[in-house]
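Subject: Structure handover, salt bridges

Hello,

Please find the structure below. My notes on its salt bridges follow.

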Amino acid sequence: MIRISKEHVIHAHSPLDTPAAAVDPGTVVEFETYDCFQGQMLPEEATYATYDRSLANPATGPLYVNGAEPGDTLKITIRKVEVGPVGILDAGGTRSGALSGCLSRNYLRRLPVHDGYIWYRDQIRIPVRPMIGVIGTAPAGEPVSTVVPMDHGGNMDCTKIAEGAILYLPVFVPGGLLALGDLHAVMGEGEIGNCGVEISGNVTVQVDLQKQTCRPWPLLEDGTHWASIAYGETLDIASEKAVRQMYEYLHRECGLGEEDAGMLMEMAGDLITCQIVNPCKTVRFQVDREILGMFLAGKKQPYKQGLR
Ligand code: CA
Ligand code: CA
């Protein structure tokens, strides 16, 4: 197994970055990650007054995958997400997304994380549900800040990017240049404040290569769903993209006819807001995989008209 330490830190997904490591497809790689503050807020005395925002939201990498070329897809199987012993949560203040204006000031807490729980005021324990906030390849053109989600992935803040899931990311430059970070011990859907429970950790993935899939956006599967993930300047734009991407996947890649694809999406598809706090919003459209399986099994059978 290859390990990439958090000293290999980036703050933009860039085609110009020097790879931290190069591996063949099928290799298992462990990424050590900082929290989204790059550790600056861990000391008890730390405040935003001394916080260097230029270090915000770092990712570890990038990883060069041998043989990866534009038009390919990296298949990233997330084997393990381990989080550190302390998470940081803040709420309120002007940087707090939709919560901004609800609270009179900023509150920042360092929360112990152990035994599978986040401990809030000793008595209140919230089950840990680790997720990866930032995971992306490099775009082909200008570098994209690790604060921003786009078609290469990046700061998607999708709760389904977690242990056991498989994430498919497009390759835009040779090697793909995969980087990840910004773990959350837990985060509610939509990231309505400034953050989740921000935490350092280690992520173990297996990286495989799929040639010439020509799918230039992120796709995910887990035990219950297939999901397209889309970004946009507004939720409306991101939502329409997520729906169109899933339709494209079902019709072009799964071979469902347009009637079946449309009706499946209406009956067993959910549009879910991933986050509304980043410079671009992210949305996912997820389809129940058991029901999709029934549609795929029956796709060659003619539809019998009539009510039953
Ligand atoms: Ca994030
Ligand atoms: Ca975060």
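D222 and K160 are both buried (under 20% relative accessible area; over 50% is exposed, and in between is partly exposed, with a 1.4 Å probe and protein chains only). Their side chains form a salt bridge, 2.6 Å from N to O (a side-chain nitrogen of Lys or Arg within 4 Å of a carboxyl oxygen of Asp or Glu). D222 sits in the loop between strands 20 (219–221) and 21 (225–232) and K160 in the loop between strands 15 (153–155) and 16 (166–170), so this pair ties together parts 62 residues apart in sequence. Helices (H or I, at least four residues) and strands (E, at least two) are DSSP runs, numbered from the N terminus.

This is a predicted model, in which local features need pLDDT of at least 70 and side-chain atom pairs count only at pLDDT 80 or more, while totals for chains, interfaces and linings use all residues. Residues are numbered from 1 along each chain as its sequence is written, chains are lettered from A and ligands numbered from 1 in the order written, and side-chain values use heavy atoms, without hydrogens and water.

E221 pairs with R289 in a salt bridge, with 3.0 Å between the closest N and O atoms. E221 belongs to strand 20 and R289 to helix 3 (residues 289–297), so the link joins parts 68 residues apart in sequence. E221 is buried at 10% relative accessible area; R289 is partly exposed at 30%.

Within helix 1 (residues 235–253), R252 and E248 are four residues apart, about one turn, and their side chains form a salt bridge at 4.0 Å, N to O. R252 is partly exposed at 44% relative accessibility, as is E248 at 31%. A network of salt bridges links R215, E248, R252 and E253. The structure holds 12 salt bridges.

Regards
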